[in-house]
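I opened this entry to record what I looked up around the ligand and along the backbone. The notes follow the order in which I checked things.

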Amino acid sequence: MPANKNQQNPAFFLTTPIYYVNARPHLGHTYTTVAADALARWKRTRGFDVRFLTGTDEHGQKIERSAAKAGKTPEQFAADVSQEFRALWDRMGLTYDDYIRTTEERHKRGVQHLFRVLQQRGFIYKGKYAGQYCVFDELYVDGPPGTVCPDCGRLTETVSEENYFFKLSAFERRLLEYFEAHPEFIQPEARRNEVLAFVRSGLRDLSISRTSFNWGIPVPGDEKHVIYVWMDALANYITALGYGMEQHPLLDRYWPAQVQLIGKEISRFHCVYWPAFLMAAGLPLPQTVIAHGWLLFEQSKMSKSRGNIVRAETVLDVLGADALRYFLLREIRFGQDGSFSFDALVQRYNADLANGYGNLVSRTLAMIGKYFDGRIPEGAVDAGLQAEAEQAITKVSSGYDALQFSDALDALWRLIAQTDGYLTANAPWKVAASEDAASRKRLAEILYSAAASIRVITALAYPVIPDAAAKVWKQLGLGDIATADLKHLTWGGLQPGTRLGEPGPVFPRAEKEAISRMQAIEEQHPARATAEAEKQPAVFQNPAAVPVSPKVVPPEPTAFTPTAVPAAPPTQSLTAASPGLPAAAEANPAVAAPATGKISIEDFARVELRVAQVLKAERVPNADRLLRLEVDLGYEQRQIVAGIAEAYAPETLIGRKVVIVANLAPRKLRGLESNGMIVAASVGEKGRPVLAGFLEDVEIGARLK
Ligand code: MSP
């Protein structure tokens with residue numbers, strides 16, 4: 001996009017986080033991107049020269065491991081998932097101006113430039129890092145081996161490497177002074193307080209390179225190091241504007257950003273590390289970093305690792321993009337957590353969009369069609385309705401400006417209700433029954449006023465429900481809303497005599513089945529089916545068939561089903577046509593284990609059994625049968641919660657080599673995350689667990705095949 005576009009208008013640079021490509025896009029990501037799109041559209045209507053940036057975060061150990069698991073190169077894996085994000089945003093018609101991928105050349109160049117600048121300015125030094133690292137959050141964590149990540153609760157891994165360090169400690173005072181002088185920098189208040197407390201507790205220098213893997217941007221001049229993925233990722237906000245290039249007109253025009261939208265869990269990176277990097281590089285800080293809350297599903301944060309995701313595509317297929325946008329922005333108070341459910345979505349859709357806005361539009365325009373031959377009548381204006389519309393303009397505008405979308409929409413839907421009420425109270429269909437001049441005049445006044453109000457409503461609804469608003473704008477005979485001048489929106493912009501456009505449904509009512517349809521689409525989708533399957537305990541042999549059988553000791557013995565459960569079908573094999581049944585099973589009966597109780601070698605190969613050594617073991621308070629173990633797999637350490645406390649005293653386990661199922665989806669027990677299961681024989685009637693072991697010494701991490 002040419003940098004000189006709209007140069008006379010104030011610049012407004014708006015960013016979303018760039019999404020990790022280890023997970024496919026879900027409603028959580030959609031939420032942030034939709035909020036950014038609504039804000040971008042709003043600001044454009046207000047005459048700002050908006051630049052809206054989004055993209056994908058593609059480097060780091062987590063992505064490298066995900067790619068290996070998927071059997072792809074990191075390049076291919078990242079390209080595929082990045083394309084899925086982009087395709088979804090395009091399908092939803094999101095109006096991003098730039099889409100950055102951190103594997104792009106322009107980004108690599110910019111990040112290396114930033115590294116060099118910080119080095120030249122004396123903020124980088126080489127040292128030895130010996131400490132804990134959470135691969136899931138790509139976060140350095142203070143504490144001894146065995147420390148759990150404060151963000152995600154997973155066990156951290158021990159890293160001991162020569163690293164480059166960034167002198168974060170040198171910015172402690174400057175950051176606090178900046179926060180003091182710019183109270184608007186971190187929003188909302190709750191996040192600001194958290195960040196202040198974090199900085200006040202003291203900042204330590206930050207390791208900004210790694211040597212134990214390659215999937216990243218090399219440190220310039222010392223290529224065995226790759227740059228810490230968060231430094232790499234945060235820099236996208238400026239590399240997308242040409243930072244590191246000789247000429248960077250976009251950077252000159254758009255940096256610093258006006259709004260950087262993030263989810264609350266990444267406040268520390270955006271409100272501490274990022275401003276410190278910018279200060280160190282001599283660049284101005286963004287005006288505001290705004291952290292929103294989480295979209296919850298089934299009571300917890302929607303995320304791939306919890307297996308509780310809903311894909312945006314499901315809602316798009318059944319109700320369309322506007323319905324999803326409206327729901328997300330109306331239902332959740334921006335800044336707070338909010339729940340998603342199909343029931344609530346359909347209820348809102350029917351109440352607010354189909355019966356509310358859609359119905360108001362269709363009945364008003366139908367009456368203008370019928371009584372005034374499809375032309376906006378010339379009539380006096382209802383002063384009461386005009387006043388209400390003018391009030392709504394002010395309220396909705398300030399709501400959008402403050403990113404309080406739910407307040408803005410609440411005010412807007414009040415105007416819809418008022419306009420509806422106005423029609424009901426004045427009953428134009430009754431007035432139309434009389435042909436006299438006074439009645440015609442009255443009818444013109446009522447319908448003109450209602451149509452003028454619909455025009456205002458539509459202009460204000462456009463940032464949130466752009467497709468529907470564009471349709472209604474056309475139906476009002478006003479042409480293309482995208483090119484309309486909405487900057488100085490006032491009541492009086494509807495010219496009498498305007499010929500209405502083609503009428504048509506805006507939000508057809510959703511049937512009750514819409515809920516079950518969406519649920520079925522989600523359940524049948526491979527992503528969901530796999531997550532469900534991963535929740536099942538894996539069993540390799542039917543315990544009933546042999547007196548002493550190897551079994552996996554489930555974290556909670558009661559949760560264990562003593563029947564053979566076939567391993568999960570391959571991700572791609574579920575078809576919509578046969579829900580719940582692997583497509584491969586239809587084609588190849590040998591794969592269809594359930595009938596015979598046998599599984600194929602491929603099924604078995606999907607279960608990753610490995611040797612691990614117990615580092616720590618302790619009882620779980622108030623849970624007689626549970627032990628919390630920390631085990632070392634050689635390449636990583638993790639926490640497992642196992643139901644073996646009645647058979648093993650914790651201290652007898654330290655140093656013991658055990659067999660674990662290493663690729664089970666994590667699950668929480670008594671608030672503790674369990675990452676895997678211990679394999680044991682189940683002995684006697686009570687099923688006393690006896691841990692599997694080896695006569696010879698076996699290297700930790702070795703795989704059982
Ligand atoms: N790659 C980093 C961000 C780097 S930015 C320089 C990252 N990526 S992520 O894929 O995990 O995306 C995190 C963002 O996605 C959150 O900050 C939030 O914007 C959005 N969300 C993902 N799940 C979400 C919910 N369940 N609810 C709300 N937003 C969520 O962190």
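**Ligand site**

I began with the ligand and found that a backbone N or O atom of Ile18 lies 2.9 Å from one of its nitrogen atoms. The model I am reading is a predicted one. I then noted that a polar backbone atom of Tyr20 is 2.9 Å from an oxygen atom of the ligand, and that a backbone N or O atom of Met302 lies 2.9 Å from a nitrogen atom of the ligand. Taken alone the ligand exposes 670 Å², of which the protein buries 95%.

Next I asked which elements give two or more residues to the shell around the ligand. I listed strand 2 (19-20), helix 1 (27-45), helix 7 (229-234) and helix 8 (236-239), and the largest share, four residues, comes from helix 1. I counted 25 residues surrounding the ligand, with Thr32, Asp57 and Leu295 among the closest; by class, the shell has 13 nonpolar, nine polar and three charged residues.

**Backbone**

I looked up the cis peptide bonds and noted one joining Gln187 and Pro188, with omega about -5°, where Pro188 sits in the loop between strand 8 (186-187) and helix 6 (189-200). Another joins Trp255 and Pro256, with omega about 10°, and Pro256 is in the loop between helix 9 (249-254) and strand 13 (259-263).

I also recorded that Glu298, which is not glycine, has a positive phi near 50°; Glu298 lies in the loop between strand 15 (295-297) and strand 16 (300-301) and is partly exposed, with a relative accessible area of 46%.

Conventions
Residues are numbered from 1 along each chain as its sequence is written. This is a predicted model: local features need pLDDT of at least 70, side-chain atom pairs count only at pLDDT 80 or more; totals for chains, interfaces and linings use all residues. Side-chain values use heavy atoms; hydrogens and water are left out. A residue is near a molecule or strand if one of its heavy atoms lies within 4 Å of it. A polar contact is a pair of N or O atoms within 3.5 Å; within protein, one must be able to donate a hydrogen and the other to accept it, and residues adjacent in sequence count only if both atoms are side-chain atoms. Accessible areas come from the Shrake-Rupley method with a 1.4 Å probe; for residues, only the protein chains shown count as cover. Ala, Val, Leu, Ile, Met, Phe, Trp, Tyr, Cys and Pro count as nonpolar, Asp, Glu, Lys and Arg as charged, and the others, Gly among them, as polar. Buried means under 20% relative accessible area, exposed over 50%, partly exposed in between (1.4 Å probe, protein chains only).
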